[in-house]
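Hi everyone, thanks for coming.

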Amino acid sequence: MNTTKLPPSPPPTPSPPAAKRFPLTSSLFFHWVSPPPSTTTATTTFKPKSSFRSQSTASTSNLSVTTPTANQPSKSQDQKLLSLLRQRKTEEAWLLYTQCSHIPSPTCLSRLLAQLSYQNTNQSLTRAQSIIRRLRQERQLHRLDANSLGLLANAAARAGHTLYAASVVKSMLKSGYLPHVKSWSAVVSRLSSSGDDGPSEAVKLFSSVLRRVRRVGDVAVESKPDTASFNAVLNACANLGDTKKFLQLFEEMPEWGCEPDVLTYNVMIKLCARADRQDLLVFVLERILEKQIPLCMTTLHSLVAAYVGFGDLDTAEKMVQAMREGRRDLCNVLREANPKNPNQNESDVFDKLLPTWVNLNDLEPPLLPKTYTPDSRIYTTLMKGYMKEGRVSDTVRTLEAMRHQEDSTSHPDHIAYTTLISALVKAGSMDRAREVLAEMTRIRVPANRITYNILLKGYCQQLQIEKAKELMRQMTEGAGIEPDVVSYNTLIDGCIRVDDSAGALNYFNEMRARGIAPTKISYTTLMKAFALSGQPRLAYKVFEEMLKDPRVKVDLVAWNTLVEGYCKLGLVGEAKSIIQRMKENGFYPDVATYGSLANGIAVARKPGEALLLWNEVKERCGAEEGGDSTSSSALPPLKPDEGLLDTLADICVRAAFFRKALEIVACMEKNGIPPNKTKYTRIYVEMHSRMFTSKHASKARQDRRRDRKRAAEAFKFWLGLPNSYYGSEWRLAPADEDDYL
């Protein structure tokens with residue numbers, strides 16, 4: 001019997017007193033609490049005919065784990081459970097399920113899983129996932145139907161458990177089930193907007209579903225992609241900046257009976273921004289008008305945001321002003337503001353996506369179907385542009401102008417006030433930022449969690465950790481707003497800034513006790529706290545827990561933080577072991593990795609390790625230039641920075657490895673990095689000025705040190721010190737041995 005293996009789900013959330021504790025030191029401890037999922041929404045899924053799925057109803061009926069003597073009580077319990085489910089008494093049905101010593105019937109299980117996934121509570125999704133765990137352990141996952149699994153995937157995606165949701169959909173495809181388009185497209189949508197490899201995984205999942213749908217044909221009507229699902233995967237392509245894949249999918253839409261809508265072109269605006277094609281933004285708007293697609297304010301929001309993202313506030317201001325004046329020739333305004341000499345990135349792709357741009361000289365700019373007045377979101381986007389450039393006075397002026405608008409939709413809302421607070425925090429004006437918060441309370445514009453998080457970050461950046469703690473209490477007790485993972489990450493980072501690793505750990509544990517799932521930033525920030533405080537082994541414990549967390553994907557930053565922790569203490573051997581493990585896990589050392597290792601070698605005073613490190617760095621630099629490489633051929637090219645090369649050169653000069661020092665400074669000059677000759681001259685004079693001055697050295701000893709003396713003389717020549725190396729080029733070259741005797 002073929003059974004479906006679903007991904008491991010997060011363990012159920014225990015109460016804080018019963019949390020598991022991991023001792024770290026006599027005064028610090030971890031206690032890990034699994035986070036609850038968020039709200040869910042139900043959809044339906046499609047289960048293909050038996051010719052395509054790997055399970056059948058007839059076969060599952062023979063897989064009961066109950067004995068003949070227990071059949072009658074089990075059947076009675078199943079009937080009672082099904083009755084409760086039909087009456088929508090999900091809570092009572094769950095309690096009865098937990099009391100069942102046997103596994104209920106497929107109908108009861110599927111319906112219970114579906115109703116739990118449909119509920120909008122944190123607890124319900126945890127319960128649904130516990131059913132999956134039990135069935136997986138009993139090898140009875142085939143009892144669940146496609147509808148219930150699709151609902152679970154949708155609910156997990158909306159709750160933020162994106163990897164879990166994607167794994168459910170992949171398992172369904174592997175087992176022969178086709179989820180409803182609403183289910184799998186919700187997962188694609190979440191993946192496309194998530195970090196790490198989310199957009200890439202979204203494209204892969206979309207392609208996998210389409211291959212199965214094509215194989216099944218007309219049977220899978222409810223699983224066929226719609227415009228919303230195409231928009232989700234196109235958004236993934238835009239986030240990746242993959243213009244060719246975007247074009248391919250865009251041209252596939254008619255094959256499935258899907259027509260681009262206004263959201264499709266809003267995503268295309270993002271693609272133009274990713275491709276650095278500011279000149280094409282106006283032509284996306286013209287294409288919408290040409291195809292007579294109903295225009296919405298979201299498109300105008302996207303355009304203003306794109307110009308702000310390009311740093312072209314002048315064009316953004318002209319666009320907003322034209323809207324305020326009630327002008328319909330917005331396309332003409334934007335054409336005139338276009339850059340005179342735009343780049344031609346991906347022209348072959350955009351020629352097909354935007355034919356209007358190709359026939360620019362033959363077409364007049366179209367008019368808007370009606371006038372559009374700027375709303376609070378457009379003004380707020382403009383305020384964000386001012387904030388990024390540090391124009392606090394313009395940010396304040398825009399907010400004041402919003403207050404005096406006749407249209408109520410243009411009045412400042414909590415987002416506008418939060419943007420002003422963010423601008424003041426960025427400028428370091430915390431007192432004025434708190435005054436704006438007080439004004440929001442006075443005029444009854446409720447501040448949200450984001451508002452408080454920005455203020456928390458401001459206090460932490462100014463090392464005012466006590467005021468940050470006070471604000472945290474005001475947020476929870478006064479405003480009744482529960483902190484989220486960003487709140488705790490900010491406080492953890494604030495504790496690091498004041499060298500309080502114990503406080504950072506306390507906030508991490510408090511976050512877990514509240515049932516808030518830590519993110520990648522949570523783990524790496526806590527690791528940084530231990531690394532900076534000289535406790536790399538505690539950082540390693542946090543790293544191990546990060547590896548075990550299925551909701552978090554370890555990245556290069558986490559590995560580098562761990563390497564840095566050991567290198568700060570000069571534990572080069574442990575650091576090299578971590579780097580080797582990192583390579584085995586598919587991560588390549590970058591400049592930060594090598595920089596930390598070089599610093600660790602300097603602390604440990606192991607110049608021989610510096611030579612090994614330089615050989616690897618040199619080979620990767622050669623790979624970048626197209627040269628040959630040997631042992632590091634599997635590693636990608638590397639562009640070294642000043643910190644790495646300066647540290648290596650410093651070590652080599654101190655250890656009298658002058659030949660290697662010359663190689664390193666040559667690499668620095670090739671990469672446009674000016675070597676610090678003053679520092680190297682001081683080191684040489686202090687440590688090596690009496691080198692090779694002995695007049696009583698034997699002939700054999702003189703022969704052994706001949707090459708070192710040549711390198712020393714060449715290095716002195718490069719420094720400008722008195723030397724016996726008078727060649728026209730300072731680099732080492734063959735010469736007569738008599739010159740160095």
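The accessible surface of the protein chain comes to about 34700 Å², and carbon and sulfur atoms hold 49% of that area. Please keep in mind that this is a predicted model.

What about the inside? The chain has 741 residues, and 51% of them are buried. As for secondary structure, you are looking at 37 helices and two strands. If we take the contacts with a separation of 6 or more, 68% of them link residues 24 or more positions apart.

Now to the largest nonpolar core, which has 213 residues. Which members touch the most other members? They are Val187, Phe246, Leu353, Leu354, Ile421, Tyr680 and Phe715. Helix H9, residues 198-216, gives this core its largest share, eight residues.

Let's pick out Leu353 from that group. Setting aside neighbours within four places in sequence, Leu353 is in contact with Phe246, Leu247, Phe250, Met268, Leu271 and Arg287.

One more stop: Met546, which sits in helix H28, residues 536-548. Is Met546 buried or exposed? Its relative accessibility is 0%, so Met546 counts as buried.

And what does Met546 touch, beyond residues up to four places away in sequence? The partners are Lys520, Tyr523, Thr524, Met527, Val552, Lys553, Val554 and Ala558. Finally, Pro518 lies 28 residues from Met546 in sequence, and their C-alpha atoms are 9.2 Å apart in space.

Notes. Residues numbered from 1 in each chain as written. Predicted model: local features only at pLDDT ≥ 70, side-chain atom pairs only at ≥ 80, totals over all residues. Heavy atoms only, no water. Core = buried A, V, L, I, M, F, W, Y, C linked by side-chain atoms within 4.5 Å. Buried < 20%, exposed > 50% of the residue type's maximum accessible area, 1.4 Å probe, protein only. Helix = DSSP H or I, 4+ residues; strand = E, 2+ residues; numbered from the N terminus. Contact = heavy atoms within 4.5 Å. Areas by Shrake-Rupley, 256 points an atom, 1.4 Å probe, with all protein chains shown as cover.
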